[in-house]
Amino acid sequence: MEHKIKPRLGISLGDFNGIGPEVILKTLADHRILNFCTPIIYGNIQLLNKVKKQLALENFHLQVISETVGSDAKKVNVINCWEEDLELTVGKPTTESGQSALKSLQRAAEDLKNGKIDGIVTAPIDKDNIQSENFQFPGHTEFLTHYFEAPNSLMFLVGGDLRVATVTGHVPLKDVPGKLTTELLIQKLTILLESLKHDFHIQKPKIAVLGLNPHAGENGLLGNEEGEIIAPAIQQMKEKGNLIFGPFPADGFFGTASYKHFDAVLSMYHDQGLIPFKTLAFENGVNFTAGLPVVRTSPDHGTAYNIAGQNVAQESSFREALLLAVDIIRKRRFNANPRN
């Protein structure tokens, strides 16, 4: 019964001067997590022990391993991605915290590519101080899409039955209209459909597509992207037998809770989808990268430097990210071996 074997789940540390280490340790301090997965933190034991002490989390042990093959299924495992005893300056991004976030992410991604772990949960990075010769991406999503050589991917926010994806991700708002094409929308809708079927086991997904402009363009009065780009993409997908509807005006769509009638919503740009999503599901929201050959999730919040080190960060979103990763890994295993 391969799909019932407990997955090895890699956890990248993120920027250690943010709340990443705090929400990771608070999540893993609940021993029930070990019933679902074998967690492997990619970070540094000295630094994690400092955070553990600050949080007064003395009731669980971190075990250092050099390779995932040595992981203990009954403990929280740590792979040291650097040896230096680095200083915590909570709430203040530093060169060291950016470089360490990259080392953690690279080692976890390498192990994931080599099949040493079954999925990855990424704690928040600072998208500025992680930049280097080896990382010239707007964020995790773009890095992992490139690293795993996926032709395309999809930023997909999940919070219970609320699922919101974005056509464009980390791009300036002024560049969004120029990036939208009918072909791109069809690519993103195809990824979304496949993910809903295979990662969430929804047999006949029903998807709502939002417009780009106010009032979805008001029949061309407020913009023509709906008529020239979005509607043709919806029509082409409908002709293939898919349940795709829209384009809907974004404000009224969420204001009237129309999202409850669909399995997922496709927004045109980052804030159009993420503002309503975080308003409705911030405490349990998860960012999932659909379209990759591997499973990657993350909490739907950032580094939150303003509250780092104060022991007030809520770990609920990180915990949900971890549990969703486990669930998707199991569903993909079932898809591959349905008789097991």
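Predicted model: local features only at pLDDT ≥ 70, side-chain atom pairs only at ≥ 80, totals over all residues.

Q: Why is Leu-28 called buried?
A: Leu-28 has a relative accessibility of 2%. Buried means under 20%, so Leu-28 counts as buried.

Q: Which residues does Leu-28 touch, beyond its neighbours within four places in sequence?
A: Leu-28, which lies in helix H1, is in contact with Ile-11, Ile-33, Pro-39, Ile-41, Phe-60, Val-76 and Leu-322. Contact here means heavy atoms within 4.5 Å.

Q: What describes how helix H1 and helix H10 cross?
A: Two packed helices are described by the angle between their axes and the distance between the axes. For H1 (residues 20–28) and H10 (residues 316–336), the axes come within 8 Å and cross at roughly 65 degrees. The crossing of H1 past H10 is right-handed.

Q: Which residues of H1 and H10 meet, and what are their classes?
A: On the H1 side they are Val-23, Ile-24, Thr-27 and Leu-28, and on the H10 side Phe-318, Arg-319 and Leu-322. By class, the residues of this contact are five nonpolar, one polar and one charged. Arg counts as charged, so Arg-319 is the charged one.

Q: Why is Glu-149 called exposed?
A: The relative accessible area of Glu-149 is 67%. Exposed means over 50%, so Glu-149 is exposed.

Q: What makes the phi of Glu-149 worth a remark?
A: Most residues other than glycine have a negative phi. Glu-149 is not a glycine, yet has a positive phi of about 55 degrees. Glu-149 sits in the loop between H4 and S6, just after H4.

Q: Why is Ala-257 called partly exposed?
A: Its relative accessibility is 21%. Buried needs a value under 20% and exposed a value over 50%, so Ala-257, at 21%, counts as partly exposed. Ala-257 has a positive phi of about 60 degrees although it is not a glycine, and is placed in the loop between helix H8 (250–255) and strand S10 (264–267).

Q: How do you know that the peptide bond from Gly-246 to Pro-247 is cis?
A: Its omega is near 0 degrees, and the bond is cis. Most peptide bonds are trans. Pro-247 is found in strand S9 (residues 243–248).

Q: Is Gly-139 buried or exposed?
A: Gly-139 has 0% relative accessibility. The cut-off for buried is under 20%, so Gly-139 counts as buried. Gly-139 is in the loop between S5 and H4 and touches Lys-127 and His-170, leaving out residues up to four places away in sequence.

Q: Which residues of helix H4 are buried, and what do they pack against?
A: In H4 (residues 140–147), the buried residues are His-140, Thr-141, Phe-143, Leu-144 and Thr-145. They pack against helix H3 (95–113) and strands S5 (119–122), S6 (154–159), S11 (286–290) and S12 (296–299).

Q: How many cavities of 30 Å³ or more does the structure hold?
A: The structure holds one. About 30 Å³ of space lies in the largest cavity, and its lining includes Leu-193, Lys-197 and Gly-241.

Conventions:
Residues numbered from 1 in each chain as written. Heavy atoms only, no water. Axes fitted to C-alpha atoms, helices over the stretch in contact; angles between N-to-C directions. Helix = DSSP H or I, 4+ residues; strand = E, 2+ residues; numbered from the N terminus. Left-handed = near helix turned anticlockwise from the far one by under 90°. 1 Å grid on protein atoms, 1.4 Å probe; cavity = no way out; pocket = protein on both sides within 12 Å on 5 of 7 lines; lining within 4 Å. Points joined across faces, edges and corners; volume = space filled by probe spheres on them. Buried < 20%, exposed > 50% of the residue type's maximum accessible area, 1.4 Å probe, protein only.
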